[in-house]
Amino acid sequence: MVKTDVDLLILGAGPAGLTAAQYGARANMRVLVIEELAPGGQMLFIDALENYPGYLASGPEAFKSGFELVQAMHRQATSFGAAFITQTAQSLQKEGDVFTVTLGTGETLRGLAVIVATGAKHRILDIPGEIEFSGHGVSYCASCDGPFFKGKKLLVIGGGDAACDEAQFLSHLSPQVVLVHRRDRFRSQKALAERVLHNPHITVRFNTRLLEIRGAKKVSSVLLENTLTGESYEEAGDAVFIFAGTIPQTSLVPSVQKNESGYIITDQEMATSIPGIFCAGDVRACPFRQVVVAAGEGAVAAHSAVAYIDRIKEKEAFGEAL
Ligand code: NAP
């Protein structure tokens, strides 16, 4: 019988990885979650989880933060026996039925199946001033940095759910929020867009592109362009919050099948094109990226991985073909 350190290796501890850890450990698998940062992923940036099932708008269950949910999910997974390490996974190899993850320290860990739940990182605009003023007025997280700019003039860039959600959050901190979107309509869910459009603290600038972020030591203005007329103009502002979408983190699995945007394709069992590698959460090709979706996918991925591991163990024990 082949010897491994654990049965199931989970890469990433966002809502998908945490849920997969819980389901895997509860199914009596030896589960190890490898996360390079603190558990939580993008969920840590969510100020109010108003659309997570069971989180009511008022009373003791009112709008829990992403952080609170992460803490509870982590405790739950650990209570069932899942182990967590804070390390960077550098590479993933498969030899026979065994997967080996090599960590940044050079240490290796072996398992019989892998769930890739590495999520997605925010996209940068790559414009002048963006990197220079990052942390000095340029931010990618309203709930983290918004409170530093109470009452100031705030610009939000993007037209998706994140931009609308975060503009809404910032409008509680300042009456001067300008939402800048390059097209003439939002990409976001209709309910979020409607709320933004009716918010007296938010001014929406459609057909407008951010060209440059300016300032001395911190942000003091931006250069905007009207995409219909081509006219550019400078506008005062104290902070720029950028929500231009996300980039899937797939460097550990270069050869699994992906869609044209680089997200991992799975079947309904969350199985990727490589047997034994499953995938869940924001890194997976899915039209609707939500905490609840990631958690659901994590549960399915764990269920499928457990069945796969059982088949590998049976094959090892009885020499049967899979
Ligand atoms: P997204 O849906 O991909 O939207 C990104 C936005 O940024 C788009 O409006 C896009 O413009 C704009 N953009 C992209 N590149 C740009 C550039 N170079 N310059 C200017 N604008 C640019 O990404 P997201 O809003 O981060 O959401 C990611 C996922 O998380 C989605 O699946 C979303 O549903 C989910 N999410 C859900 C919630 C919620 O349910 N409350 C909250 C946050 C995120 P175009 O529209 O012109 O392409």
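**Salt bridges and the domain interface**

In this predicted model, a salt bridge (a side-chain nitrogen of Lys or Arg within 4 Å of a carboxyl oxygen of Asp or Glu) joins the side chains of Arg214 and Glu234, with an N to O distance of 3.2 Å. Arg214 belongs to strand β13 (residues 208-215) and Glu234 to strand β15 (residues 232-236), so the pair ties together parts that lie 20 residues apart in sequence. Helices (H or I, at least four residues) and strands (E, at least two) are DSSP runs, numbered from the N terminus. Arg214 also meets Glu212 in a salt bridge, at 3.3 Å from N to O. Arg214 is partly exposed, with a relative accessible area of 26%, and Glu212 is partly exposed at 24%. Here buried means under 20% relative accessible area, exposed over 50%, and partly exposed in between, with a 1.4 Å probe and protein chains only.

The model is predicted, so local features need pLDDT of at least 70 and side-chain atom pairs count only at pLDDT 80 or more, while totals for chains, interfaces and linings use all residues. Residues are numbered from 1 along each chain as its sequence is written, and side-chain values use heavy atoms, with hydrogens and water left out.

The structure holds 11 salt bridges. One of them is formed by Lys315 and Asp97, whose closest N and O atoms are 2.9 Å apart. This pair links distant parts of the chain, 218 residues apart: Lys315 is in helix α6 (residues 291-318), and Asp97 is in the loop between β4 (89-95) and β5 (98-103). Lys315 is partly exposed, at 23% relative accessible area, whereas Asp97 counts as buried at 15%.

An automatic or database domain assignment divides the protein chain into domain 1 (8-121 + 246-318) and domain 2 (138-242). Their centres, taken over C-alpha atoms, are separated by 32 Å. Contact (heavy atoms within 4.5 Å) involves 6 residues of domain 1 and 9 residues of domain 2. The two domains bury about 490 Å² between them, 46% of it on carbon and sulfur atoms. Buried area is the accessible area (1.4 Å probe) that two parts lose on being put together, summed over both. In domain 1, Phe45, Asp47 and Glu50 lose the most area to domain 2, together 75% of what that side buries. Between domain 1 and domain 2 the count of salt bridges is 0.
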